[in-house]
Amino acid sequence: MNFSPAVTLRTVRSVVQAVFRLVTGFLFACHGAASLFGVLGGAHGGGTVPTLQWPGWWAALIELAGGTLVALGLFTRTAAVVCSGSMAYAYFSVHQSHALFPIDNGGEPAVMFCWTFLLIACLGPGAYAAEQLLRRGTTVEADDRVAQAIP
């Protein structure tokens with residue numbers, strides 16, 4: 001039996017990737033819920049973002065919906081690209097004008113979420129994603145139709 005770190009990491013990669021996706025999506029959705037509904041401390045320490053206000057309300061909607069989709073593993077790559085783009089927009093429209101580096105302008109969370117979601121978009125959802133269940137159902141239905149067509 002081979003107990004090398006490379007083999008062990010390859011074995012758990014998909015599960016770790018799924019946990020990474022789940023935690024990232026959940027944290028992002030919490031930001032959206034805080035801004036939209038005033039829960040978890042609310043937007044910027046209290047309250048909610050005014051409805052339909054640009055860009056805050058729309059960003060919060062992307063955070064809640066996109067984070068939830070990523071956490072569930074449903075339309076993961078598309079949702080992750082949208083989430084990544086929204087964080088890139090947030091960084092360059094809100095933070096970058098204050099200072100050059102994220103540590104100086106308060107944009108570290110936006111940069112981290114941006115690159116994290118880009119990574120999720122590139123790698124995919126990993127194990128235990130809802131889209132795998134949908135694909136399995138489609139595949140099973142297609143297989144059943146093929147089996148019924150064969151005499």
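Helix packing and burial in a predicted model

Modeller: Helix α2 passes helix α3 in a left-handed crossing. The model is a predicted one: local features need pLDDT of at least 70, side-chain atom pairs count only at pLDDT 80 or more, and totals for chains, interfaces and linings use all residues. Residues are numbered from 1 along each chain as its sequence is written, and side-chain values use heavy atoms, with hydrogens and water left out.

Biologist: At what angle and axis distance do α2 and α3 pack?

Modeller: α2 (residues 56–72) and α3 (residues 76–95) pack at about 145 degrees, with their axes 9 Å apart. Axes are lines fitted to C-alpha atoms, for helices over the stretch in contact, and angles run from 0 to 180 degrees between N-to-C directions.

Biologist: Which residues make the contact, and how do they divide?

Modeller: With contact meaning heavy atoms within 4.5 Å, the α2 side consists of Ile62, Glu63, Gly66, Gly67, Leu69 and Val70. The α3 side consists of Thr76, Ala79, Ala80, Val82, Cys83, Ser86 and Met87. Together they divide into 8 nonpolar, 4 polar and 1 charged. Nonpolar covers Ala, Val, Leu, Ile, Met, Phe, Trp, Tyr, Cys and Pro; charged covers Asp, Glu, Lys and Arg; the others, Gly among them, count as polar.

Biologist: Why is Val70 called buried?

Modeller: Buried means under 20% relative accessible area, exposed over 50%, and partly exposed in between, with a 1.4 Å probe and protein chains only. Val70 has 0% relative accessibility and therefore counts as buried. Leaving aside residues up to four places away in sequence, Val70 touches Arg21, Gly25, Thr76, Ala79, Ala80, Phe117 and Ile120.

Biologist: What makes a set of residues a nonpolar core?

Modeller: Such a set holds buried Ala, Val, Leu, Ile, Met, Phe, Trp, Tyr and Cys residues joined through side-chain atoms within 4.5 Å. The largest core has 14 residues, of which Phe28, Val70, Ala80, Met87, Phe113, Phe117 and Ile120 touch the most other members. To this core α3 and α5 each supply at least two residues.

Biologist: How do you know that the span of α5 is close to the expected one?

Modeller: The expected span is 1.5 Å times one less than the number of residues. α5 (residues 108–123) has 16 residues and reaches 22 Å between its first and last C-alpha, close to the expected 22 Å. Helices here are DSSP runs of H or I with at least four residues, strands are runs of E with at least two, and both are numbered from the N terminus. By that rule the protein chain has 6 helices and 0 strands.

Biologist: Why does Phe75 count as exposed, and what is its phi?

Modeller: Phe75 has a relative accessible area of 55%, which is over the 50% limit, so the residue is exposed. Its phi is near 50 degrees, a positive value in a residue other than glycine. Most residues other than glycine have a negative phi, and most peptide bonds are trans. Phe75 sits in the loop between α2 and α3.

Biologist: Which bond is cis?

Modeller: The peptide bond joining Trp54 and Pro55 is cis, with omega about -10 degrees. Pro55 belongs to the loop between α1 and α2.

Terms used. Left-handed = near helix turned anticlockwise from the far one by under 90°.
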